[in-house]
Amino acid sequence: MSQVQAELKYSKEHEWVEVLDNERVRVGITQFAQEQLGDIVFIELPEQGATVKVNESMGTVESVKAVSDIYSPVSGEIVEVNGELEEAPEAINGDAYGAGWMVVIKLADAAELDELMTAEQYEAFSKEEE
Amino acid sequence: MSALKQTPVYSLYKEHGAKTIDFGGWDLPVQFSSIQKEHEAVRTKAGLFDVSHMGEIEVKGPDALAFLQKIATNDASKLVEGQAQYSVMCYPDGGTIDDLLIYKLGDEHYLLVVNAANIEKDYDWMQKHAEGNMVLRNISEETAQLAVQGPLAETVLQKLTDTNLSEIRFFHFKQNVILSGISALVSRTGYTGEDGFEIYMQAQDAPALWNSILEAGGEDVLPCGLGARDTLRFEARLPLYGQELSRNISPIEAGLGFAVKVDKPVPFIGQDALKEQKENGAPRKLVGIEMMERGIPRTHYAVYVGEEKIGEVTTGTQSPTLKKSVGLALIKREYSEPGTEIEVEIRGKHVKAKVVRTPFYKRS
């Protein structure tokens with residue numbers, strides 16, 4: 001799978017953001033992030049209705065070896081959670097930008113999207129982190 | 001920051017896709033393909049590990065045995081030439097300096113294999129306690145170690161030598177075995193809970209042997225990193241220094257009483273403290289735990305019964321073999337009975353678990 005997808009936005013904490021409409025975004029972790037983590041065996045996501053804040057932890061993803069926070073790339077309310085990941089978190093390894101999606105967030109402040117990186121910017125950013 | 005140390009095999013990691021990490025000052029592969037795949041390869045076929053970072057110390061001379069009897073908890077006088085023994089070095093209070101393998105190379109001649117992070121500490125301690133007619137030599141730099149582990153380990157390695165490897169029994173070894181032209185000490189030992197070999201050789205020979213083993217193994221052998229080494233040893237309940245053993249954890253607490261011969265006829269460092277623990281029971285005990293609710297126990301997570309903190313997790317992960325979330329925990333002895341319900345504090349929440357028997361994996 002390619003490292004980035006052109007139509008998505010990216011955070012410095014390696015989350016991707018897909019703008020669904022004026023007020024909702026879908027969020028997951030990037031291909032780079034899942035490669036760094038290795039085999040993902042556990043995930044803890046916020047509950048539907050929960051409020052999340054930009055750059056604050058909204059959940060946890062664990063590989064065989066390590067525990068990592070999932071940082072919310074925007075502020076808002078969780079309106080949808082990918083419940084299938086609880087039983088099959090390896091979907092994040094297999095399809096980070098597709099079946100590995102984590103939550104849909106209703107934006108509190110659409111201006112926060114402007115702080116995120118483009119695919120091109122993120123690609124350069126993650127290369128430096130390597 | 002000083003540069004990370006590299007093993008002689010380092011330059012070959014990349015072509016197998018290694019992801020390396022800083023492990024106690026060494027730049028070592030945590031994984032090549034995937035921890036789970038490597039783990040499974042060792043349980044079902046074979047895996048190849050570069051463990052050249054481990055330390056090797058040679059002890060030679062008429063007083064070598066007396067020295068080992070004094071610094072190590074197991075009874076080295078029981079060793080015959082060609083045999084290896086698991087042992088522990090302790091402080092006078094029973095806390096652990098390191099765990100090690102002792103190889104009897106010949107009369108008055110032994111090889112000690114110690115943990116990489118402890119080489120200097122161990123060597124200093126040994127020099128301090130050396131007496132009589134004996135010589136200590138730290139040969140870690142010039143010695144490399146590769147491990148081939150798994151049910152097909154013997155089949156793979158046998159392709160490289162005329163020496164009949166099936167004659168080497170568990171915890172025994174042969175010296176000067178020629179493996180595809182390289183002279184090595186081949187020992188039937190390991191850190192994975194599987195059958196397999198640990199191979200010691202001159203550092204400069206390790207890259208060639210690494211390649212020969214992979215070539216001979218073909219589909220049957222996978223290069224493996226420290227990640228799989230850790231999950232494999234954990235399932236087999238083999239201790240890791242710094243987690244199950246430490247300055248503050250005795251081998252008795254860690255359940256290694258088999259390697260502590262408290263009635264050894266000659267006194268050894270830590271004997272009184274360890275004898276007391278073995279006879280009266282140590283206040284803490286290392287147990288297996290299995291999560292009953294969602295969550296993975298990790299090193300240093302606190303363990304509770306109700307409001308009382310009873311200890312902490314030493315190692316935990318989702319077991320690749322069992323697909324269960326399990327751990328080892330050092331807890332107050334009164335809660336160590338299998339079936340006892342406990343709680344692990346995971347990110348501020350108490351998550352239900354229970355004490356279970358170990359090892360999590362035993363080869364059939």
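Analyst: Helices (H or I, at least four residues) and strands (E, at least two) are DSSP runs, numbered from the N terminus. By that rule, His129(B) lies in helix α4 (residues 119-129) of chain B. The model is a predicted one, in which local features need pLDDT of at least 70, side-chain atom pairs count only at pLDDT 80 or more, and totals for chains, interfaces and linings use all residues. Side-chain values use heavy atoms, with hydrogens and water left out.

User: Why is His129(B) called buried?

Analyst: Buried means under 20% relative accessible area, exposed over 50%, and partly exposed in between (1.4 Å probe, protein chains only). His129(B) has 18% relative accessibility, so it counts as buried.

User: What does His129(B) touch, not counting residues up to four places away in sequence?

Analyst: Contact means heavy atoms within 4.5 Å. On that criterion His129(B) touches Phe67(B), Lys70(B), Ile71(B) and Ile269(B), with residues up to four places away in sequence not counted.

User: Which residues of helix α8 of chain B are buried, and what puts them on the same side?

Analyst: In α8(B), residues 271-280, the residues Gln271(B), Leu274(B) and Gln277(B) are buried. They cover an arc of only 135° around the axis, which puts them on the same side of α8(B); the arc is that of the directions from the helix axis to the C-beta atoms. An α-helix has 3.6 residues a turn, so residues three or four places apart point the same way. On the other side of α8(B), Asp272(B) and Glu279(B) are exposed. The cover over the buried residues of α8(B) includes β5 (84-90) of chain B. After α8(B) comes Gly281(B), with a positive phi near 85°.

User: What makes the second largest pocket a pocket, and what lines it?

Analyst: On a 1 Å grid over the protein atoms alone, a pocket is an open set of points where a 1.4 Å probe fits, with protein on both sides within 12 Å along at least five of seven lines; lining residues have an atom within 4 Å of a point. The second largest pocket is lined by 24 residues, of which Val41(A), Glu86(A), Glu87(A), Pro89(A) and Gln318(B) lie nearest its centre. Elements giving two or more residues to this lining are α1 (31-37), β4 (40-44) and α2 (84-87) of chain A together with β14 (284-291) of chain B. The most comes from β4(A), with four residues.

Key. Residues are numbered from 1 along each chain as its sequence is written. Chains are lettered from A and ligands numbered from 1 in the order in which they are written.
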